[in-house]
Structure formats: C-alpha cells, structure tokens
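Me: I am new to this structure and would like to learn how its features are read. May we go through them one at a time?

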Amino acid sequence: MDEIKYASQSKTLIVRRFFCYLVLTLLAIISLFPFYILIINSTHSHMEIQTGFNALPGKSVGINFLQLVRTQEWRGPNGEVIKAFGKNYPIVRGLINSLFVSTLCALVTTYFSAMTSYGLYMYNFKLKKAAFRFILAVMMVPTQVSTLGFYQLLRKMNLMNNYLALIVPAIAAPAVFFYMYQAMEATLPYSIVEASRVDGCNEFRTFNVVVLPMMKPAIAVQAIFSFVSSWNNYFIPSLILEKDHWTVPLVVAAARSADYMSFNMAIIYILLTVAIIPLLIAYMFLSKSIIAGVTAGGVKE
Amino acid sequence: MSDKKITKAPAEKPLKAGKKEKHKTVQYDRWGYFFIAPFFLIYVIFSLIPLVTTFFYGFFEYYRQGLNWIGPKFVGFQNYAAIFNADDNIAKYFLNTIIMWAIGFIPQILVSLMLAVWFTNTELKLKAQQFFKTVIYMPNLIMASAFAMLFFTLFSPNGPIELLIQRAGLRAAGDPIRFFTHAGWTRVLVGVMNFMMWYGNTTILLMAGIMGIDNSLFEAARIDGASPMQTFFKVTIPLLMPIFVYVMITSLIGGIQMFDVPQILTKGSGAPNRTTMTIIMKLNNYLTISRNYGRAGSMSVLIFAVTGVLSGLVYKMTMAQYKNK
C-alpha cells in the first residue's frame with residue numbers, strides 16, 4: 001500500500017518536473033528568440049531579409065559591418081557604389097562615448113556612495129538620523145520630475161552637450177548608497193577601523209586604504225549595475241547631447257527617426273547587434289554576481 | 001541579512017569608545033559630515049534645486065511661440081487647468097501608462113511567482129537553475145531603446161514576424177497585420193517588452209523572499225498532507241505578502257516612468273492616435289517639441305505627487321527594518 005502510494009507520488013513528481021522544464025524551456029526560447037533573429041539577420045543582405053525569414057546565418061556580415069562603420073561611400077569589386085552609414089549613425093564614436101561616460105559614472109557613483117554610507121555608518125553626529133532618513137525618502141523620486149529645472153540649470157552652468165552633466169550628478173545616488181550601507185552593516189566591523197586609527201591613519205586614509213578594499217564585492221556589484229544603467233540611459237542624454245557627443249542609445253534612436261521604408265534593413269540589424277552584443281558578452285561573464293546582487297538587494301526581511 | 005546584526009552593531013560603538021575617551025570620540029564623529037558632504041552638495045545642486053525650480057515654473061506662463069519666448073509670467077494654477085482641460089488631457093496619458101504597465105505586470109508577477117516557487121521547491125530539485133536564471137534575467141540588461149527598435153523591426157509590415165505569420169497561413173500573403181496601426185497590438189507589444197525585461201528580475205526578488213521563509217513551515221505543511229497547491233496558497237502567499245507588495249509598488253513607480261520603449265517604438269508620436277503616449281513621453285514633448293515649460297512644470301508636480309505617495313509606502317517598508325535604531 002505504502003509502496004504504491006510512494007510510486008504514484010514519485011510519478012506525479014516526474015510529471016510535474018517535466019511540466020516545469022517544458023515551461024522553463026519555452027520561456028528561455030521566448031527570451032532568446034529576438035536576439036537570435038537579430039544576430040541572424042545582421043549577417044544577411046537587405047535583399048535576403050526582404051524576401052523571407054532565414055533561420056541560418058548568411059554571408060553578408062562583413063559588408064554590413066563595413067557599411068555601418070565607414071563614413072564615406074566606396075566602390076565594390078564590380079565597380080558599384082556602396083553606401084556608408086557611419087556619418088549619420090556614428091556608432092563607433094557612440095560606443096567609445098558610452099564606454100567613457102558609463103565607466104566614469106560607475107566609478108564616481110560607487111566611490112562616493114561608499115563614502116556617504118561610511119560617514120553615516122561609522123560616525124555618530126547630530127544630523128546622522130535626519131540625513132539617513134532624507135536619503136531613503138528621496139530614493140524613489142523619479143529623475144524625470146526635476147528634469148526641467150535640471151535642464152535650465154545646465155544651460156546656466158554652460159554644461160549643455162557636456163559629459164560632466166551626466167557624470168557629476170552620479171555622485172549622489174540614493175539607491176546605491178542604501179545598498180552600500182546594508183553591505184557595511186553586514187561586513188564591516190568597527191574594530192578594524194579602530195585598529196587603523198591606533199596605527200595612526202587619518203579618517204580619509206582609513207576609508208581609502210582599509211575600508212574600500214573590504215567593500216570590494218559590494219562595490220563590484222554596484223559598479224556593474226550603474227555601468228549598465230548609464231550605458232542604457234536615454235532620457236537625460238537625449239535632452240542634453242548633440243550629435244558629436246551621442247552615446248549608443250542616441251545613435252539607435254536616430255536610426256528609428258530615419259525614413260524607415262527606404263532604409264537598408266541589414267544596417268538596422270547590424271547596428272542593433274553592435275549596440276547590444278558588447279553588454280551581452282560582458283553579462284555572460286558577470287551573470288553570477290549580477291544575479292547574486294539582485295538577490296541581496298531584494299532581501300528585505 | 002539578519003535583523004540582529006543590523007541593530008547590534010551601531011549600538012555597540014558609543015558604549016565601547018564613548019566611555020574611555022569621550023572627547024576623542026566627539027572629535028572623530030565630526031568627520032561624518034565630511035564624508036556625507038559630497039553627496040548632499042551634489043544632491044542639492046543637481047536634484048533638489050532643479051526640483052524646486054521645476055515646481056516654480058508650474059505656476060508661470062512660459063513657452064515658445066515660433067521664435068519668441070512668451071513669459072515667464074505668473075499665472076497661478078492656469079497651467080494645471082490647461083493640462084486637464086486641453087484636448088490632450090493628461091488623464092489620458094496617465095491611463096495609457098497604467099494600461100501598458102498592467103499588460104506587462106500582471107503576467108509578470110504570475111509567471112515570476114510560479115518560477116520562484118519552482119526554483120525554491122526542495123521536492124522538485126530543478127537542474128540547470130543558474131542557466132535558466134541567467135537567460136530570463138538577460139533582457140533586463142538590454143538597452144531599452146535598442147530592444148524597442150528591435151521589436152519595431154521584427155514586427156514591421158515586412159519584418160520577420162509578419163513573414164512567419166503569412167507563411168504559417170494565418171494571414172494571406174501580402175496582407176500583413178500591421179501591428180503598429182492598432183492601439184491594442186501596440187500596447188500589447190509594449191507590455192510584452194516590459195514583461196520580458198522585468199520578469200527575470202521579479203523572479204529573483206521573489207525567490208529571495210521565499211528562501212527567507214522558515215523551511216520547517218513547508219516541511220510541516222507537507223507532513224500534514226497539504227498538496228502543493230494548498231502549501232502555495234496557505235503558506236507561501238501569506239508569508240510572501242510584504243515582498244509581494246514591495247515588488248508591486250516599486251514596479252508601479254517604474255511603470256509611471258515608462259519612456260524609452262514606447263518613445264522609440266512610436267518615434268515619440270504615441271501612435272496610433274496617441275494611445276501609447278505615456279505621461280513621461282508627454283512631458284518630454286513639452287520639454288523638447290512644444291517647449292511649454294509652464295505646463296511641463298505643472299505636469300512634473302503631478303507626477304511627483306503620484307510617485308511621492310507610492311514612494312512613501314516604500315519608505316515605510318524600508319524603514320520598518322530600521323525601527324529599532
């Protein structure tokens with residue numbers, strides 16, 4: 001009797017497990033399918049894409065890429081003129097600009113957030129509680145609601161079309177601060193700081209030499225996240241950057257504004273591939289710590 | 001993270017250091033101001049002052065007409081009346097935003113809950129979890145603007161999706177659905193994109209919540225003969241409620257800020273017929289196209305008020321864990 005019950009139980013378990021894998025596989029396919037089409041189509045020519053859907057890669061990836069990055073039209077082997085799109089959609093420049101802005105944002109935001117949380121965690125001063133509460137209260141305020149004032153301020157400060165307008169405000173990042181603060185509570189003992197004081201380090205030296213290295217895991221996770229969000233940022237850059245300073249999302253947006261019907265589709269696909277793939281490759285290497293970071297950020301109880 | 005650690009550590013310090021060398025502690029503690037100064041300086045200059053000036057503009061007539069600027073001239077609440085009265089009523093854009101958010105969020109929370117339960121189930125013991133988590137989280141990192149552009153391309157009248165539908169015989173060849181001419185389809189596609197971008201993230205958050213539940217409760221339920229369904233509804237759901245509410249409110253705050261996806265998808269027009277124009281798209285419109293700073297200001301105040309109420313709830317939930325301080 002017991003055995004039968006056990007057998008039937010394990011049978012339903014197998015069925016349930018099968019169902020789970022089925023759904024998971026389906027979701028994985030849904031998540032990956034758009035990127036599959038993206039990569040496949042970026043290897044085909046405009047004509048091939050127009051005539052039908054291809055499941056296998058084509059041979060045009062080289063010419064597509066050249067057309068995308070070159071700034072002047074040139075002649076092919078048969079003397080035909082090949083158009084170049086690099087002038088209208090400066091994606092290489094965009095990648096360099098994005099890399100520059102995002103790296104600096106990530107550095108600035110993690111360093112100063114660690115600094116702020118250290119100040120509130122280690123010292124007991126009069127305004128400590130008020131400061132902590134203030135930061136938490138403004139954590140969820142959307143940046144968009146102060147955009148008009150921000151825009152006017154940048155004009156007065158002569159910071160329009162200047163990367164400083166994106167990098168300097170990254171110093172004050174309430175959400176990153178909160179994560180760092182929690183990480184300090186979990187990993188930073190007071191005794192270490194006291195030992196450093198006894199050794200004669202001043203407070204800033206203690207922070208830079210003793211505390212920062214101990215916070216490396218938390219800093220790494222937040223550096224990744226702020227890099228990604230700055231890399232993907234579209235709203236504010238679209239308001240303040242001119243074409244010579246465009247970052248990747250602005251180049252992508254420019255392609256959307258083009259006359260779509262007469263556009264070379266292969267160029268759109270290769271452009272999106274170039275815009276998306278660098279981050280995907282980085283994600284392959286960092287996915288473990290990214291997912292661990294999301295988990296840690298989510299634990300509230 | 002355990003509550004004990006949080007509450008113990010800060011209390012320890014004044015006791016230990018305070019008694020031995022009181023004046024020295026005081027000297028050290030002043031350093032705190034130097035450490036937090038950059039944050040507050042930058043926050044005040046680049047966020048707080050702009051916030052105040054934005055609100056200020058809300059009470060002024062200030063816009064561009066042709067090449068001339070009209071105003072600024074104080075008009076009281078006229079801008080507020082205008083954004084509610086004009087033929088493009090702000091309530092409409094708010095509704096658009098909420099509808100598109102809900103289309104993405106409802107399946108998102110259901111699927112995420114299901115996956116989180118599966119991933120944490122000790123009976124099922126699913127393999128390749130890291131792989132699945134990596135894959136389902138991936139779209140979250142993709143540039144929203146590029147993702148929207150990709151969807152636009154895939155679903156365009158001569159794009160691969162229409163071709164596949166026609167090849168499958170669901171539509172006659174040469175007679176595409178033209179997704180972006182239908183309000184329903186366009187909204188659904190925006191919802192699908194939001195779903196894809198966020199369900200992985202929500203799954204991981206809910207998983208963390210479930211793993212925080214004492215495992216013996218699940219064991220007890222199983223020993224008492226509860227079915228998986230009963231365990232889910234009677235044990236998991238009630239205990240998961242706080243994190244559930246947290247996920248929902250933060251998602252709603254994010255939803256109100258929806259911009260990149262519909263902006264790129266519709267080239268900022270909110271096509272068809274402004275049915276996909278979100279509230280931030282409209283704000284962006286006032287800022288960059290019609291250049292009506294007065295209305296942009298009053299609109300910012302309203303967005304701030306709505307998100308402010310929601311943020312207040314998040315703040316309360318976050319502060320709850322620092323209560324003992």
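**Reading the features**

Reply: Let us begin with a single residue in this predicted model. B:Pro272 lies in the loop between α12 (260-265) and α13 (279-288) of chain B.

Me: Which peptide bond is cis, and what is its omega?

Reply: Omega is the angle to read for a peptide bond. Here the cis bond joins B:Ala271 and B:Pro272, with omega at about -5°.

Me: At what angle do helix α5 and helix α11 of chain B pack?

Reply: A helix pair is read from its angle, the distance between its axes and its handedness. Helix α5 (residues 90-120) and helix α11 (residues 228-256) of chain B pack at about 145°, and their axes are 11 Å apart. The crossing of α5(B) past α11(B) is right-handed.

Me: Which residues make that contact, and how do they divide by class?

Reply: On α5(B), the residues include B:Trp101, B:Phe105 and B:Leu113; on α11(B), they include B:Phe232, B:Leu240 and B:Phe244. In this contact of α5(B) with α11(B), 14 residues are nonpolar, four are polar and none is charged.

Me: How many residues of chain B are in contact with chain A, and how much area do the two chains bury?

Reply: An interface is read from its residues and its area. In this case 114 residues of chain B contact 116 residues of chain A. Between them the chains bury about 10,700 Å², 74% of it on carbon and sulfur atoms. Within chain B, the most area is lost to chain A by B:Phe35, B:Phe39 and B:Phe46, together 8% of what that side buries.

Me: How many salt bridges and how many residue pairs in polar contact link the chains?

Reply: There are zero salt bridges between chain B and chain A, while 14 residue pairs are in polar contact. Helix α3 (residues 31-57) of chain B gives the largest share of the side touching chain A, with 21 residues. By class, that side of chain B has 77 nonpolar, 24 polar and 13 charged residues.

How values were computed: Residues are numbered from 1 along each chain as its sequence is written. Chains are lettered from A and ligands numbered from 1 in the order in which they are written. This is a predicted model: local features need pLDDT of at least 70, side-chain atom pairs count only at pLDDT 80 or more; totals for chains, interfaces and linings use all residues. Side-chain values use heavy atoms; hydrogens and water are left out. Contact means heavy atoms within 4.5 Å. Buried area is the accessible area (1.4 Å probe) that two parts lose on being put together, summed over both. A salt bridge is a side-chain nitrogen of Lys or Arg within 4 Å of a carboxyl oxygen of Asp or Glu. A polar contact is a pair of N or O atoms within 3.5 Å; within protein, one must be able to donate a hydrogen and the other to accept it, and residues adjacent in sequence count only if both atoms are side-chain atoms. Helices (H or I, at least four residues) and strands (E, at least two) are DSSP runs, numbered from the N terminus. Ala, Val, Leu, Ile, Met, Phe, Trp, Tyr, Cys and Pro count as nonpolar, Asp, Glu, Lys and Arg as charged, and the others, Gly among them, as polar. Axes are lines fitted to C-alpha atoms, for helices over the stretch in contact, and angles run from 0 to 180 degrees between N-to-C directions. A crossing is left-handed if the near helix is turned anticlockwise from the far one by less than a right angle, and right-handed if clockwise.
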